[in-house]
Number of protein chains: 2
Amino acid sequence: MEKNKKFVEAITPMDVDFAQWYTDIVKKAELIEYSTVRGMVILRPYGYAIWENIQRYLDDRFKETGHENVYMPMLIPESLLQKEKDHVVGFAPEVAWVTHGGEEKLTERLCIRPTSETLFCEHFSNIVQSYNDLPKLYNQWCSVIRWEKTTRPFLRTTEFLWQEGHTIHATAEEAKEETLRMLNTYADALKNFLAIPVVKGRKTDKEKFAGAEATYTIEAMMHDGKALQSGTSHYFGDGFAKAFDIKFADKDSQLKYVHETSWGLSTRVIGAIIMVHGDDSGLILPPRVAPVQVVIVPVAQHKEGVLEKAEELRKSISSYARVKLDASDKKPGWKFSEYEMKGVPVRLEVGPKDIEQNQVVLVRRDTREKTIVPMDELETKLKELFDDIHNSLYEKALVRLENMTSEAADFESLKEAAETKPGFIKAMWCGKLSCEEKIKEEAGLSSRCMPFEQEEIADTCVCCGEKAEQMVVWGKAY
Amino acid sequence: MEKNKKFVEAITPMDVDFAQWYTDIVKKAELIEYSTVRGMVILRPYGYAIWENIQRYLDDRFKETGHENVYMPMLIPESLLQKEKDHVVGFAPEVAWVTHGGEEKLTERLCIRPTSETLFCEHFSNIVQSYNDLPKLYNQWCSVIRWEKTTRPFLRTTEFLWQEGHTIHATAEEAKEETLRMLNTYADALKNFLAIPVVKGRKTDKEKFAGAEATYTIEAMMHDGKALQSGTSHYFGDGFAKAFDIKFADKDSQLKYVHETSWGLSTRVIGAIIMVHGDDSGLILPPRVAPVQVVIVPVAQHKEGVLEKAEELRKSISSYARVKLDASDKKPGWKFSEYEMKGVPVRLEVGPKDIEQNQVVLVRRDTREKTIVPMDELETKLKELFDDIHNSLYEKALVRLENMTSEAADFESLKEAAETKPGFIKAMWCGKLSCEEKIKEEAGLSSRCMPFEQEEIADTCVCCGEKAEQMVVWGKAY
């Protein structure tokens with residue numbers, strides 16, 4: 001009984017301590033376990049299964065649009081990392097250095113990849129000669145290391161799993177198109193697979209990726225109003241191509257530099273799922289990403305025919321949904337709590353009375369709504385329910401995003417909003433770094449992005465009062 | 001035209017220089033490209049796609065037998081690596097050491113995992129309390145690093161991709177069963193998916209995994225008669241459990257140590273595919289693992305209706321096979337060579353005459369046999385052809401394995417066979433390390449395994465002449 005007990009121990013309510021609520025869920029839903037290696041976590045089967053589903057979904061989207069997977073070395077020689085000067089300035093301070101191989105001291109130290117632009121560039125320079133070789137649309141699934149000072153499971157860890165896309169194109173236009181295509185792929189994945197609405201936009205120069213000409217981002221809003229940057233797509237122009245000498249003979253026989261992009265999405269989005277959908281009973285998983293979409297909990301399972309019927313249902317459901325039957329001898333109440341903690345979207349209860357009446361009871365995790373469903377309508381009803389849950393999770397998150405977004409026209413209102421209204425704040429910005437830095441220092445807000453959907457909140461900069469045409473979404477961020 | 005040329009440049013024939021033949025294929029079939037990082041290669045799209053297919057196949061098998069995927073940290077603290085004394089002696093000399101994180105020098109150095117027993121053990125000790133928690137059947141897909149002195153693509157590289165299964169059980173019997181179950185899973189995968197026959201057996205103590213009580217192996221034979229250890233499965237008994245204090249309360253309320261296994265298979269098997277099936281025109285891929293199973297090469301594609309028909313065929317075939325249409329303006333002959341180099345199992349040719357007669361031409365990569373097939377029988381014929389090719393590749397490899405296996409009853413015959421007969425040699429062994437070492441030194445042969453299928457070649461040890469009941473398969477190995 002001791003083993004079940006953890007599932008019904010209440011977790012810290014999110015209003016009491018949001019950070020603790022988050023930590024309780026990642027542990028009690030058995031998503032992760034801490035390791036002894038500083039800032040690194042263990043992805044347990046349930047947490048990893050969520051990532052596998054995200055991987056499969058995105059990988060299919062990438063391949064549909066002509067991308068191919070490759071695998072680059074995990075280690076980068078220091079001299080290679082240094083080839084693009086902005087890039088090395090951005091990443092060198094946070095890499096792990098390998099100095100010894102076996103018993104020998106290396107003549108040049110190697111860093112564990114924090115990201116793989118430099119490796120891809122070197123490879124591209126070796127395999128590309130003519131316009132016939134373009135574009136190259138590559139993607140890599142791997143883990144990377146960034147030596148973070150403070151870490152939190154999924155949100156910021158020394159090691160994390162991600163995919164990094166790297167593409168090269170004959171023209172700037174094609175590369176720009178690709179950059180936005182992949183940003184939209186991310187936004188669609190969050191909307192259609194994870195039921196998370198995002199704000200799409202461009203990062204300011206201060207916030208862009210080291211070495212990029214432009215960085216685009218999708219920003220999601222957590223329960224507490226804070227932003228989580230959930231995926232980024234970078235346009236590099238020909239900067240890396242020049243640093244790494246990636247040239248091709250174009251149709252006009254001229255040697256030209258390629259134009260490059262990269263884009264990445266990581267296990268961080270699992271943090272977004274938790275903090276966008278979860279509640280005080282635990283995780284709530286959108287059905288499309290849930291490792292278990294339906295859990296069958298038999299009622300009075302010792303009675304004749306109950307377990308047989310439950311197994312029959314499991315078998316039939318398994319042909320169209322990810323289903324689990326819990327026939328253990330825990331009490332149904334314990335089971336209910338366990339699968340609520342784990343965020344299983346639908347619980348199916350079946351007992352002697354249901355069998356008699358040829359029906360089952362379906363209970364939604366998100367609203368706890370119960371429906372009695374005739375056995376022969378089960379497949380249709382379940383599929384409808386999955387879509388209903390998905391849509392209602394998305395709508396709920398969208399309403400929150402909208403309700404928790406305010407506007408500020410001058411610096412005093414901005415500071416007041418930063419203190420009193422958790423969430424995003426729309427305000428105009430003149431484009432000067434000094435204003436962006438002042439807003440960070442005095443209001444504690446960073447620029448999340450310059451959204452594609454612009455509004456004219458005012459005609460002057462919220463900070464300096466000078467003429468401003470750019471609306472920025474500001475916020476506190478993970 | 002320059003770009004296509006590489007495909008028809010002959011590769012080094014295997015009889016002339018087997019090592020060069022191998023290197024030519026991995027490069028010209030575009031499986032890998034060398035990187036500037038010593039001993040690390042880049043898996044290009046075609047090479048990585050082969051690995052993805054192997055992954056998908058094995059992952060499904062693992063999950064069918066109740067295994068779950070997890071992800072452990074990539075770095076292991078030195079003190080953790082040292083906990084099991086045989087293990088550290090085996091691995092410490094060949095690991096890469098991280099000594100600095102960002103700008104700080106670490107107080108304890110960390111190695112990049114060469115294998116993850118120690119991490120799994122530490123995790124198991126934290127999550128297992130009672131018999132209810134057992135077994136834990138975990139698997140991890142990742143990359144590992146072993147600081148090798150000499151490297152060859154796929155066969156031995158500083159970094160390689162693999163899966164490592166780690167399981168713990170309540171009893172020794174269950175753990176032993178698991179060890180053999182997974183060895184059989186590997187042997188079946190090689191037979192049924194890669195068309196490669198293997199010899200299954202147990203490693204001698206000298207050749208077993210550092211820290212294991214018993215190591216089981218599948219040994220495949222390459223074209224040149226050398227062995228390639230293609231997958232191993234280890235039984236640890238309770239050795240690691242004692243070193244890491246992994247105990248559970250059993251049904252009888254006694255605290256007991258768990259019994260443990262691990263098993264791994266890596267990108268090395270891609271080397272086996274090349275060296276078992278390839279020929280002097282390049283790679284030959286068994287259909288089940290081939291990224292492209294059928295390539296459509298239109299004949300006289302400028303003629304009306306040819307490309308339309310080719311595209312129609314591509315679309316229809318794509319519903320049941322992995323198909324590619326090459327509609328580029330290269331000449332058919334160039335295309336033939338290219339896809340032969342890449343080992344695509346079936347080439348489908350379609351031209352004006354075929355369209356008129358409502359037929360296509362199928363050409364097998366392995367035998368080059370041509371068949372004319374009516375359009376309406378295409379699906380059936382293609383599927384049959386895939387099975388035929390698979391079976392005939394397997395048979396051919398099996399015949400070679402049998403023909404290139406000899407026997408030796410005394411040391412002189414063993415030495416002579418080692419010099420004159422490439423392949424495996426069956427000989428009796430008394431079990432003494434000194435004999436095993438002498439055979440290595442004087443005949444240049446290592447013990448590949450003690451096969452499950454034993455024969456009585458003689459009743460005395462091939463080396464010392466003392467009484468021997470154990471038959472060993474000896475050979476030269478990659």
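Throughout this passage, a residue is called buried when its relative accessible area is under 20%, exposed when that area is over 50%, and partly exposed in between (1.4 Å probe, protein chains only). The structure is a predicted model, in which local features need pLDDT of at least 70, side-chain atom pairs count only at pLDDT 80 or more, and totals for chains, interfaces and linings use all residues. Residues are numbered from 1 along each chain as its sequence is written, chains are lettered from A and ligands numbered from 1 in the order in which they are written, and side-chain values use heavy atoms, with hydrogens and water left out.

Chain A is superposed on chain B by a rotation of 180° with 0.0 Å of shift along the axis, at an RMSD of 0.0 Å (copies are superposed by least squares on the C-alpha atoms of residues with pLDDT of at least 70 in both). This is the relation of a two-fold axis. Among the residues of chain A, the closest approach to that axis is made by Val98(A), whose C-alpha lies at 2.1 Å. The same surface serves both copies, since 100% of the contact residues of chain A recur in chain B; contact here means heavy atoms within 4.5 Å.

Helices (H or I, at least four residues) and strands (E, at least two) are DSSP runs, numbered from the N terminus. In S8(B), 11 of 11 residues are buried. Both faces are covered: one side carries Glu159(B), Leu161(B), Gln163(B), Gly165(B), Thr167(B) and His169(B), while Phe160(B), Trp162(B), Glu164(B), His166(B) and Ile168(B) are on the other. Strand pairing requires that DSSP finds at least two bridges between the two strands. S8(B) pairs with strand S7 of chain B (residues 136–145) in the antiparallel sense over 10 bridges, and Trp162(B) in S8(B) stands opposite Cys142(B). Eight bridges also join S8(B) to strand S14 of chain B (residues 259–266), again in an antiparallel arrangement. Here Ile168(B) has Glu260(B) of S14(B) as its bridge partner.

Helix H7 of chain B (residues 172–192) includes Glu173(B), which counts as exposed at 53% relative accessibility.

Most residues other than glycine have a negative phi, and most peptide bonds are trans. In chain A, a cis peptide bond joins Leu134(A) and Pro135(A), with omega about -10°; Pro135(A) lies in the loop between helix H6 (117–127) and strand S7 (136–145). In chain B, Leu134(B) and Pro135(B) are likewise joined by a cis bond, with omega about -5°.

Positive phi values occur at Phe154(A), near 70°, and at Ala300(A), about 50°. Phe154(A) sits in the loop between S7 and strand S8 (159–169) of chain A and is buried, with a relative accessible area of 4%. Ala300(A) belongs to the loop between strand S15 (294–298) and helix H10 (306–317) of chain A, and counts as partly exposed at 24% relative accessibility.
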